[in-house]
Each structure stands twice: as C-alpha cells, then as structure tokens.
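This report looks at a predicted model. Please read it alongside the sequence and coordinates.

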Amino acid sequence: MWSLFGGDKNKLVGIDIGTSGIKVVELEHSPSLREVYLKNYALVGFKENLPQKERERRITKEEIVELLKATLTQGKIKTKNASFSIPSFSSFLSFVTMPRVRPEDLKKAITIEAQKFIPVSLEEVVLGWEVIDEPEGKDISNIRDQNKMKVLLLAVPRDIVNRYKEIANACGLKLQNLEVEAFPLLRSLTQNYQKTFVIVDIDSRVCNLLVVSGGSLRGARNIGLGGDDLTEILVRSINIDYDRAEELKKEEGFHNKQVAELFVPVLGNVIDEVKRVISMYKSKNPNKEIDEIILSGGTADLKGLVDLFTSKLNLPTVVGDPWKKLTIDEQVKKAVVERGTTFSISIGLALKNE
Ligand SMILES: Nc1ncnc2c1ncn2[C@@H]1O[C@H](COP(=O)(O)OP(=O)(O)OP(=O)(O)O)[C@@H](O)[C@H]1O
Ligand SMILES: [Mg+2]
C-alpha cells in the first residue's frame with residue numbers, strides 16, 4: 001500500500017539518506033521468498049562531525065548524489081532496483097476514525113477525510129492509506145463499532161517524491177519504492193508478530209516513536225531531538241569542540257558521570273514522550289500490554305541507554321537487531337555485529353518485495 005511505484009525483483013537495494021551519512025544495503029530474496037541473503041552493505045558519512053545546523057545547510061542534492069554514488073561503489077552494489085526512505089518529518093501521518101464504507105468507495109471517502117488532516121492542498125501530496133482494523137474475510141462482527149473504521153493516512157509532498165526520483169535518476173537507479181521510515185523500521189525490527197512493542201529510533205536530528213502490534217503500526221510520533229543534540233549539549237556545557245564532544249559521547253556515554261548528568265534531562269523528554277504514546281495506545285486498547293521497548297538508530301549504541309530506558313519505563317528494553325532476518329556469510333557476520341542497528345531502515349526497505 002505504501003509503495004508509490006510498482007515492481008517486483010529478487011534483488012533490491014535499500015537506501016537511507018540520513019543527516020550523518022548514507023546507509024545502503026543490497027539484499028537478495030530467494031525464489032521461494034523464504035530466505036533473504038545479505039549481498040552487500042555500505043555506510044559513507046557526510047563530512048564527519050560537522051555541527052548539525054552547518055551540515056543541514058550544506059548538504060545539497062548534488063552532494064547527496066555524489067555521496068550516494070560513492071556509497072554504491074564502496075558497497076560494490078550493482079543492483080539497480082532501489083527503494084528510498086523518506087524522513088518522518090517530511091511526511092504527514094495520522095490515524096483517523098471515519099465512517100465505514102465499502103471497499104469500492106474507500107478511495108473517495110479517504111480523499112475527503114484527508115482534506116481535514118493534511119495541512120496542505122491534496123494536489124501537492126501523494127496520498128497513501130491502510131485500513132487498520134480490517135478483519136479477516138468479510139466478518140466485521142468482532143469490531144467494536146461496526147459503523148466506524150480506523151485508517152492510517154499518509155501523505156508525502158510531491159516535491160519530496162520528485163527529489164528522490166531525481167536522485168535515483170542521477171545515480172542510474174530504478175526507483176522501486178519510496179517509504180516513510182516508520183514502515184521499513186517496523187519491518188526490519190519486528191521479530192515476533194505476537195508482541196506489542198514501542199520502537200524508539202534515535203537518529204542524528206530526529207527521534208521516531210512507533211507503537212507496533214501484530215506487526216502493524218498502531219501509533220506514531222516524532223520528536224525533533226536526536227543524537228546530535230546530545231553532542232551539542234556537551235559542546236556548550238563542557239566547552240569542548242564538536243569532534244571531542246562526539247568522541248566523548250560515543251566512547252563513554254553514561255559511564256561518564258558528567259555526561260550522564262547532562263544527558264538524563266534531555267533523554268527524559270524522550271522517555272516522557274514514550275510514556276505519552278504508551279498511555280494513548282492503552283487508552284484505546286485497554287486489553288493490550290506493551291511487551292518491550294526496542295531501541296534503534298545510531299544513538300541506540302549510546303553506552304547506558306538501555307539501562308536508562310529499562311529503569312525509567314520499567315519495561316524490558318533491547319537494542320534492535322535488523323540483521324536477524326537475513327542469511328549472512330560467516331565472513332561478514334562479525335563486521336555486521338559491529339554495525340548494530342544503524343541499518344534498520346535500509347534493511348527494512350530492501351526486505352519489502354511485493
Ligand atoms: N556509539 C554511539 N554512541 C552514541 N551515539 C552514537 C554512537 N554512534 C552513533 N551515534 C550517534 O548517532 C547519530 C547518527 O545516527 P543515524 O545514523 O541513525 O542518524 P541519521 O540517519 O544520519 O540521522 P537523521 O535520520 O536524523 O537525519 C549521531 O548523532 C551519532 O553521533
Ligand atoms: Mg535516519
């Protein structure tokens with residue numbers, strides 16, 4: 001449903017263009033579709049350790065194209081079918097409850113509904129949706145309010161879609177899918193489809209909070225706070241330069257008392273949002289419990305973060321492992337372990353083959 005373009009090939013490249021760099025994964029789906037092999041992967045950073053605002057200002061489309069070409073070369077990636085992720089802050093995502101309609105009337109009803117939720121003209125966006133309380137078959141007797149339906153609505157500005165088309169073209173790639181990053185994230189990090197959990201994905205400048213149940217997205221929120229903000233706090237509070245602050249953050253994290261004292265209040269804001277997302281989900285689904293928290297994104301590797309989440313939320317917290325779904329050669333296995341969870345989005349993109 002979220003695929004904006006068609007196509008079905010066995011080899012796929014997933015491309016996640018983040019603020020810190022480009023992450024690319026090439027996967028091959030077995031003919032039976034039972035196994036997915038890791039062919040290649042690569043991560044190339046933009047000019048390392050440039051302060052966040054400086055970096056955002058400087059990264060042009062041309063630079064992205066250059067760096068993407070370099071990343072594909074480094075990863076020895078020959079496959080042309082590529083899917084890209086769209087940052088959550090570049091899209092509109094909402095869960096709406098609307099009058100239940102017949103499937104043939106859905107498109108029209110959704111378009112009318114979307115006008116209420118999307119703050120720009122529908123002409124300027126590409127719309128996507130998913131009915132999230134659709135029962136198996138035609139039986140709707142187990143749905144609480146049979147006159148209403150819950151729909152996940154998504155809109156991506158056309159100019160963003162065009163930008164990715166241009167980047168793909170300039171790199172000689174065939175654009176397969178464009179997906180808002182919530183979807184590849186939940187695809188690569190859902191191991192157990194029976195569980196209800198919250199993915200906390202903390203990247204450079206943004207944090208995605210996703211409630212997942214039965215393998216589907218049930219709640220989403222993003223916060224304009226990321227790992228780079230933690231680095232900036234060290235720069236300002238301890239009066240060190242950006243490189244040193246980044247090093248201190250990555251090497252010591254919460255194991256350093258001064259760093260821990262500075263980070264706790266900031267990450268407390270993320271934890272408060274997680275609590276809010278959980279209580280909102282539970283108010284609508286009183287019979288459901290949250291089983292665990294899954295951390296993802298570069299900041300998930302911050303030393304001591306798992307313990308902080310476990311203690312403040314009183315829920316089991318783990319760092320997500322998107323590589324678990326892949327069949328990987330012994331030689332590359334070790335390197336992959338060190339890459340951790342940074343590739344969650346690019347893996348999720350290339351896992352989609354429908
Ligand atoms: N070991 C580590 N400890 C703490 N932070 C880390 C570690 N490794 C990476 N980071 C931080 O993770 C962030 C980069 O994460 P990621 O690659 O997920 O971001 P991105 O996708 O480039 O950003 P965005 O999606 O926000 O544009 C940076 O802020 C970086 O400092
Ligand atoms: Mg990212």
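Which domains give at least three residues each to the shell around ligand 1? Both domain 1 (1-188 + 321-354) and domain 2 (192-320) do.

## Ligand 1 shell

The shell around ligand 1 counts 23 residues. Among them, G18, T19, D203, G227 and G298 come nearest to the ligand. Two helices, α6 (227-238) and α7 (242-252), are the elements that give two or more residues to this shell.

By class, the shell around ligand 1 holds 13 polar residues, seven charged and three nonpolar.

## Domains and their contact

The chain splits into domain 1, which covers 1-188 + 321-354, and domain 2, which covers 192-320. Their C-alpha centres are 21 Å apart. On the domain 1 side, 22 residues take part in the contact; on the domain 2 side, 25 residues do.

Which helix supplies the largest share of the side of domain 1 that touches domain 2? Helix α5 (residues 182-189) does, with three residues. That side of domain 1 is made up of 10 nonpolar, 10 polar and two charged residues.

## Nonpolar core

The largest nonpolar core has 80 residues. Those with the most contacts inside this core are I15, V24, L186, V198, I199, V200 and L210. Domain 1 and domain 2 each give the core at least three residues.

I15 shows what such contacts look like. Setting aside residues up to four places away in sequence, I15 touches I22, V24, L68, A82, S83, F84, S346 and L349. One of these partners, V24, is also listed among the core residues with the most contacts.

## A155 in strand β7

A155 lies in strand β7, which spans residues 148-157. Is A155 buried or exposed? A155 is buried, because 22 other C-beta atoms lie within 10 Å, and the cut-off for a buried residue is 20 or more.

Which residues does A155 contact, leaving aside neighbours within four places in sequence? The partners are S91, F92, A114, I118, V125, V126 and L127.

A155 and N40 are separated by 115 residues in sequence. In space, C-alpha to C-alpha, A155 and N40 are 31 Å apart.

Methods. Residues are numbered from 1 along each chain as its sequence is written. Chains are lettered from A and ligands numbered from 1 in the order in which they are written. This is a predicted model: local features need pLDDT of at least 70, side-chain atom pairs count only at pLDDT 80 or more; totals for chains, interfaces and linings use all residues. A residue is near a molecule or strand if its C-beta atom, placed from the backbone, lies within 6 Å of it. Helices (H or I, at least four residues) and strands (E, at least two) are DSSP runs, numbered from the N terminus. Ala, Val, Leu, Ile, Met, Phe, Trp, Tyr, Cys and Pro count as nonpolar, Asp, Glu, Lys and Arg as charged, and the others, Gly among them, as polar. Domain bounds come from an automatic or database domain assignment. Two residues are in contact if their C-beta atoms, placed from the backbone, lie within 7 Å. A residue is buried if 20 or more other C-beta atoms lie within 10 Å of its own, exposed if 12 or fewer, and partly exposed in between; C-beta atoms are placed from the backbone. A nonpolar core is a set of buried Ala, Val, Leu, Ile, Met, Phe, Trp, Tyr and Cys residues joined through C-beta atoms within 7 Å.
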